[in-house]
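The sequence and coordinates are shown below.

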Amino acid sequence: MIESTAIGRIVIPREIPPGFALFYTTRDFPGFLSEEAARGLTSLIANRFGIDASLSTCRQVHGAAVRGVRTPRPHTWNECDSCDALYSGERNAALGIKVADCLPVTMIDPVHSVIANVHSGWRGAVQRITAETIATVQRETRFDAAASRAWLGPSIRVCCFEVGEEVASQFDERYVDRSYPKPHADLPRFTRDLLLQHGFAEDAIVDSELCTRCDGSIFHSFRRDGSAGGRNLAIVVQ
Ligand SMILES: [Zn+2]
């Protein structure tokens, strides 16, 4: 569902449990955070979703480090040190992941009030960051994958994700489509299988099926816009 807001269009996926929020910002919002931009986001979260949240993001490095987040004060923003996945078991936490073709993977356990948000490009995928995040939240919180739901956000899809052989060879062949002149990798399919292997039910995985590079130009895309392009944010809140 696309909605117009004070920061431009946002996309809200389906099947979000009551008391939680999840949305993706679009090309209308540059996605490079400053105190002012972060205030725009926390205001939106308060006005649209009724949650006075503190926003956490992280300096993303295409690794597999996972970090827990506490919620200091509503309507503040902090950026954690290098990591690519955030989780929180606290209320009023908003976790933001920046992407511009990489896949944002969001998890909500509504029973135990745990949220997690993952930045998974191909480098994170081959380091199994989504599995690493599940293992961490299971160890550190009461998170139960069987009670949880996961969302695969807008990302580059197999239609557009042409890769070199050095990247393709790092994936099992079932995630590489060789019907194109060069190999194409399927990040969402790879991640869906990881989620299934780690306790998520098939019908608990909501795939946006949105391709950042070709789907209606609503999102920033690194492959299409180059390095000067902005970032889409995936923000989950509880
Ligand atoms: Zn595409």
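## An exposed loop residue

Ser 169 counts as exposed because it has 11 C-beta neighbours inside 10 Å. The criterion places C-beta atoms from the backbone and calls a residue buried if 20 or more others lie within 10 Å of its own, exposed if 12 or fewer, and partly exposed in between. Ser 169 belongs to the loop between helix H4 (165–168) and strand E12 (176–177). Helices (H or I, at least four residues) and strands (E, at least two) are DSSP runs, numbered from the N terminus. From Ser 169 to Asp 186 the separation is 17 residues in sequence and 13 Å in space, C-alpha to C-alpha.

## Basis of the model

The model is predicted: local features need pLDDT of at least 70 and side-chain atom pairs count only at pLDDT 80 or more, whereas totals for chains, interfaces and linings use all residues. Residue numbers start from 1 along each chain as its sequence is written.

## Overall architecture

Six helices and 15 strands make up the secondary structure of the protein chain. The radius of gyration is 17 Å, close to the 18 Å that the globule rule gives for 238 residues, so the chain is as compact as a globular protein of that length. This radius is taken over C-alpha atoms, and the rule is 2.2 Å times the number of residues to the power 0.38. Along the principal axes, the C-alpha atoms fill a box of roughly 50 × 40 × 30 Å.

Of the 238 residues, 44% are buried. Among contacts (C-beta atoms, placed from the backbone, within 7 Å) between residues at least 6 apart in sequence, 62% join residues at least 24 apart.

Helix H1 (residues 35–49) has 15 residues and should span 21 Å at 1.5 Å a residue, which agrees with the 20 Å between its end C-alpha atoms. The expected span is 1.5 Å times one less than the number of residues. Ala 38, Leu 41, Thr 42 and Ile 45 are the buried residues of H1. They cover an arc of only 90 degrees around the axis, which puts them on the same side of H1; the arc is that of the directions from the helix axis to the C-beta atoms. Glu 36 and Asn 47 are exposed on the other side. The packing partners of the buried residues include strand E3 (21–25), strand E4 (54–58) and strand E15 (232–237). Gly 50, with a positive phi near 70 degrees, follows H1.

In helix H5 (residues 187–197), the buried residues are Leu 187, Pro 188, Phe 190, Thr 191, Leu 194 and Leu 195. Seen down the axis, they fall within an arc of 160 degrees, so they line one face of H5. Gly 199, which follows H5, has a positive phi near 100 degrees.

All seven residues of strand E9 (residues 103–109) are buried. Leu 103, Val 105, Met 107 and Asp 109 point one way, and Pro 104, Thr 106 and Ile 108 the other.

Strand E10 (residues 114–120) runs antiparallel to E9 and is joined to it by seven bridges; strands pair if DSSP finds at least two bridges between them. Pro 104 stands opposite His 119 in E10. The two strands form a hairpin with four residues between them, and Ser 113 in the turn has a positive phi of about 55 degrees. E9 also pairs with strand E11 (residues 149–152), antiparallel over four bridges, where Arg 149 is the bridge partner of Ile 108.

Key
Two residues are in contact if their C-beta atoms, placed from the backbone, lie within 7 Å.
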